Structure formats: C-alpha cells, structure tokens
Amino acid sequence: MEPILSVQNLNKYYGDQVGCKNMNMTLYPGEVVGVVGESGSGKTTFINSISGNLNPDRGKILINKDNEIINFLEISESLKRLLIRTELAFVHQNPRDGLRLDVSAGGNISERLMSIGQRNYGNIRQTIFKWLDKVEIDKSRVDDFPRTFSGGMLQRLQIAKNLVTSPKIIFMDEPTGGLDVSVQAKILDLLRKLVRELNLSVVIVSHDLAVIRLLADKIIVMKNGEAVETGLCDQVLDDPQHSYTQLLVSSVLQV
Amino acid sequence: MIELNNITKKFTLHNQGRTNISVFKNLNLKINPGEIVALTGPSGVGKSSILKMIYGNYVFQSGEIKINNYKIDHKYPRNIIELRKNTIGYVSQFLRVIPRVPTIEIVMEPLLEINFDQEEVRERAEKILLDLNIDKNLWNLSPLTFSGGEQQRVNVARGLIRNYPCLLLDEPTASLDNVNKDIVLNLINEKKDKGSSIIGIFHDESSRKYLNAREIDITKISHGN
C-alpha cells in the first residue's frame, strides 16, 4: 500500500521564529496520525502548513490522488484550491471558523457540493439529509441557522460540511477542544465510525492524550517546533523514549 | 508462532535522575501454534512487559521478536498496525473504550475491520455475548458502567470474537466467578484447538492446569537488575 500523504522535511518560519522545522510524516489510507505537544509547540503551524492554510518555507508535500503523485507545493493555485475542496478537508477547533453562521445548516453542507459543480437541487437536498442523518442532526433543523445550534451540534455540522464531497484526507485541529466531555464522547464515536466506514485518512492535533489514544494509530510528539518522538501511538504513550514525552505522559491526571 | 530471541529490555526514566531499570537480558521464548504458554512469577517481574513487547506497545533494546516469521520493527509502525489487524489479538486487563458506545458495537469492532457484512458480524457478536453470559438488556449500553466481571467479559468477547493466529491474554479471568471463568477458559481452549499460539498470564494455578498450559517462570529466564 502507498501512502496517501507524505510530508518531507517541512519548515515554516515566522520571520526568525521557528513555526515548525524538519517535519516528516507518512499517512496511509485509513490511518489516523495524532500530533501532540504543549501550547506553542508548533502543532497548529504544522497542520496548517500541510493542509494549504499556510505556505511553508521549505519541504515537500506529496499527495497520492488515484495513484498519481501530486506535489502539493508546486501545483498551480487553482489546482490547489480544487484539491482543497475535493480531496482535503479541514475541521477547525471552533466550528464557527469552519461554518457560515448566516447560512442555513443545509446551505453549509451544500456549499462544497456546489463548488464542485453539482446543481441538481433534488440530489443536493438528498445528500444534505443523508449527512445530517450521519452526524445525528435532526432533519427538521435543515433550514435553521447554525447560530441556533449547540456547540456539539455545530461541530457535527462542521464535520458534515467537510465530508460531504468525500475527501480522502481530513485535517482536524482540536476537534473536541471546546466541548464538554459528554459531547466530546459523541464526537469521538462519530469520528471513529466515519474513519472506518469511509476509509478516511486523518491528521488530528490535540493536547489531550486520551483523545489521541482512542483515535490515532500513529503519533508525532512536538516540542519547540520539532518532532521529538514519533511512532506507533500506544507504544509512544506506554513506553515513551524521549524525556519530553515521558514528562507529557506522566503529567496526565488519572480519573 | 511467536518467537522472542535474545531480548534485552530496559526502561530509562529521563525525568527521574535518568534511572535505568533493566527488565530482561537474553530473554528467549517460543510459543508454537496450538500451544498455550502461561507466564508465572511474582508481580513486577515483567510478565505483562513480555505481552506488551509482543504486541508492540513496548520497545526493546536488542534481540528480535517474530510473529509468524514477521519481525517486529518499530521503525515501521504501519507493519505493526497490519500485524495487529490480521495476526495478533490482545485481551488486556482493563477495558479502554470510547464512553457511550454500546457494548455490542465494541464487540463487533475487531471483526468489522475485516468483514463488512454488518448483519453477520452482529450475529457473531451476539453469540459470543450470549456464550459469556452478558445479559441481553446490557448489549445496547456502554460497558463503562458495568461491574468489573462484566467489563472483563466484554473485553474477552472483543478479543476472542476473531480467530487470531496469535493471542495474548493478560489475566483474562481475574475478576470472574467460577462459572464464567470456566466459560472463558473453554473459549480459550477452542482457540488453541484452532491452532492459535497463545501466551497469557493467569493468576490461579487451576486455570493454568485446566488449559494444560506450559508454565514458564519468568524469574528463571530473565536476568534483570
């Protein structure tokens, strides 16, 4: 099996400040990679740099689209935009960043469909209902504005909005960050089911090691903009080798 | 077949004065298909560590571990993921699941990775839950609120629903009453008869005898400290 996404020696600086440097990652179809580390360690810079939100200064991002390798940083801006709308998806920590609050729930979901050229109202409406059902939002809410939704519903709506065009690679920045724990469990369950059903490949940033343990296959531990330890998720968490990972793992409160 | 050849394992605790804890030196172990090996020895001697090295949770400093002739190499996590998906089953002592996910779905999950027929998988999950005396009323509830013994049986159901060529069992009967313990032991014996290589930790001698397990005292084969 070939990786669907491969990041090689990626660097992003803010002036003289290191955002992230020498980052490498291989993501296979159906695989979830977790990126962990404390605030300011470069997690968000990294995920933004590999998803088209930021322009990295150096490095390579290779995306495998139907066995054709696309050099993401060297293609035209319009092709990049198309890829971002079709092959990639980005789920923000704050769903308000990923949704249009003055457009109905259904309108939010249909946006990506229309942007890739779907015009048949009946088909679009059907797809919207299918996705509302998948993320467990009642159909009757389809014409309501997101601002009338709870935090957990907004996050589920954002997930539906992103997945509607069947992207293969999903980037998530703290997707359960602002949610209370009971809602968090529901989102985690939903994400796991979707990953399996749709064979999604996911890069997920979180500072919550418990979330990462439940979702991720592999892990990247970041500190000061660099990866200090990478590997199999439960190996890195159960038998961490780097002193920083040991500190991180031993700092988690037991419930 | 599971093989451990000349394994050295130590822990280095960087944040606690770089303390080195040596667990194994030159550890050798082999579990044949259709065989059950029971690890014995006092707690803290490294019984669980052996299971965790085989499953890939723990790294080792030297030597090699081979599962059906396939070497465990932490440089290639993808291969360990594949190995877990196809070859090694693991029943741990504790249930670790997403809150609010129903028991039946937790048990179905390992099979869904290789079998996409939801109905068939559900039937097999229902059967093993019935075999293990988990009340039907509980199937649609999260196991996190269950009793210790019930949780353990859910864990066993999840680990034994498939026929893995290699099976790792960490105290699978520790909190079970005698009736349920016998049921679990019989299920384990079935897996052995189907040709699994099984290695486990069983705290009571009667279980080890019942399984006709080859006992290995870890204190005699590891040379820690």
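Tutor: This is a predicted model. In soluble globular proteins, nonpolar side chains tend to be buried together. Here the largest nonpolar core has 125 residues.

Student: Which residues have the most contacts inside this core?

Tutor: They are A:V35, A:A160, A:L215 and B:L168. Helix α6 of chain A, residues 151–163, gives the core its largest share, six residues.

Student: Why does the core lie between domain 1 and domain 2 of chain A?

Tutor: Both domains give residues to the core, so it lies between them.

Student: What is A:V35 in contact with, leaving aside its neighbours within four places in sequence?

Tutor: The partners of A:V35 are A:K43, A:F46, A:I47, A:V203, A:V205, A:I220 and A:M222.

Student: How many residues of domain 1 of chain A are in contact with domain 2 of chain A?

Tutor: There are 13 in domain 1, in contact with 13 residues of domain 2. On the domain 1 side, α2 (77–86) and α7 (181–198) of chain A each supply at least two residues. The largest share of that side, six residues, comes from α7(A).

Student: Which classes of residue make up the side of domain 1 of chain A that touches domain 2 of chain A?

Tutor: That side has nine nonpolar residues, two polar and two charged.

Notes: Residues numbered from 1 in each chain as written. Chains lettered and ligands numbered in written order. Predicted model: local features only at pLDDT ≥ 70, side-chain atom pairs only at ≥ 80, totals over all residues. Core = buried A, V, L, I, M, F, W, Y, C linked by C-beta atoms within 7 Å. Buried ≥ 20, exposed ≤ 12 C-beta atoms within 10 Å, placed from the backbone. Helix = DSSP H or I, 4+ residues; strand = E, 2+ residues; numbered from the N terminus. Domains from an automatic or database assignment. Contact = placed C-beta atoms within 7 Å. Nonpolar A, V, L, I, M, F, W, Y, C, P; charged D, E, K, R; others polar.
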